[in-house]
Amino acid sequence: NYFSPAQREIVAALAEVIIPRTETPGAIDARVPVFLELMVANWLNDEERAIFSAGLQDIETRIPVEYGKPFNQISAQEQLQIMQALEDAASDSPWYEFGNVQREYISDAPFICQLKELTVWGFFTSQEGGSQVLRYNPMPMYFDGDIPLAPGESSWSSPFLL
């Protein structure tokens, strides 16, 4: 175990702000907090882990002072405001460059960027994200990059994720 029990609750709340449960599963349903802990402990390098840990420590210590409760116990509106403030503070990172969608993992990305990237990765490679949010396309070795989608229709999922 890499996170403390209190940090696990905070990480779960942070991930759920990024991908909340709606008519489809959310980050918690897809066990993204477990994925985040495994990735931070075993996949991030020392520099990346230090950035993530410092960001999580900031949330863990600062929020109770400012709001009187831990992050996972404040209102959804307050959680969203905190996340937006983190994004505003990190907005000069190359992670936010326009059109920066196909890139290697940015090692010195701020905490909020790491958190978002790992949350989305964990969610859409989970059974819930890959089968209940994305559409499953069982045609292996077929690619059509120009499939029209109706309003509200989701993208396709890879059969290899399920």
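1. Quick convention before anything else: buried means under 20% relative accessible area, exposed means over 50%, and partly exposed is whatever falls in between, with a 1.4 Å probe and protein chains only. Bear in mind that this is a predicted model, where local features need pLDDT of at least 70 and side-chain atom pairs count only at pLDDT 80 or more, while totals for chains, interfaces and linings use all residues. Residues are numbered from 1 along each chain as its sequence is written, and side-chain values use heavy atoms, leaving out hydrogens and water.

2. The overall layout. The chain has 6 helices and 2 strands, running α-α-α-α-α-α-β-β from the N terminus. These are DSSP runs numbered from the N terminus, helices being H or I with at least four residues and strands E with at least two. Of the 162 residues in the chain, 36% are buried. Counting a contact as heavy atoms within 4.5 Å, residues 24 or more positions apart account for 55% of the contacts with a separation of 6 or more.

3. Now the rings. A search of the whole structure turns up 6 aromatic pairs. Rings of Phe, Tyr and Trp (its six-membered ring) pair if their centres lie within 6.5 Å; planes under 30 degrees apart are stacked, over 60 edge-to-face, and the rest tilted. Phe 3 and Phe 52 make a stacked pair, 6.1 Å centre to centre with 15° between the planes. Phe 3 sits in the segment before α1 (5-18) and Phe 52 in helix α3 (residues 46-67), so this pair ties together parts 49 residues apart in sequence. Both partners are buried: Phe 3 has a relative accessible area of 5% and Phe 52 has 1%.

4. For contrast, look at Phe 123 and Phe 124, an edge-to-face pair at 4.9 Å centre to centre and 90° between the planes. Phe 123 is buried at 2% relative accessible area, whereas Phe 124 counts as partly exposed at 28%. Elsewhere, ring pairs link Tyr 2, Phe 3, Phe 52 and Phe 111 into a cluster.

5. How do α3 and α5 cross? The axes of α3 and helix α5 (residues 111-124) come within 8 Å and cross at roughly 100°. Here axes are lines fitted to C-alpha atoms, for helices over the stretch in contact, with angles running from 0 to 180 degrees between N-to-C directions. The two helices are therefore roughly perpendicular, a label for 65 to 115 degrees; under 35 is roughly parallel, over 145 roughly antiparallel, and the rest oblique. On the α3 side the contact is made by Glu 48, Ile 51, Phe 52, Gly 55, Leu 56 and Ile 59, and on the α5 side by Phe 111, Gln 114 and Leu 115.

6. Leaving aside neighbours within four places in sequence, Ile 51 is in contact with Ser 107, Asp 108, Ala 109, Pro 110, Phe 111 and Gln 114. Ile 51 and Ser 107 are 56 residues apart in sequence and 9.2 Å apart in space, C-alpha to C-alpha.

7. Last, helix α2 (residues 32-42). Its buried residues are Val 32, Pro 33, Leu 36, Glu 37, Met 39 and Val 40. They cover an arc of only 165° around the axis, which puts them on the same side of α2; the arc is that of the directions from the helix axis to the C-beta atoms. The buried residues of α2 pack against α1, α3 and α5.
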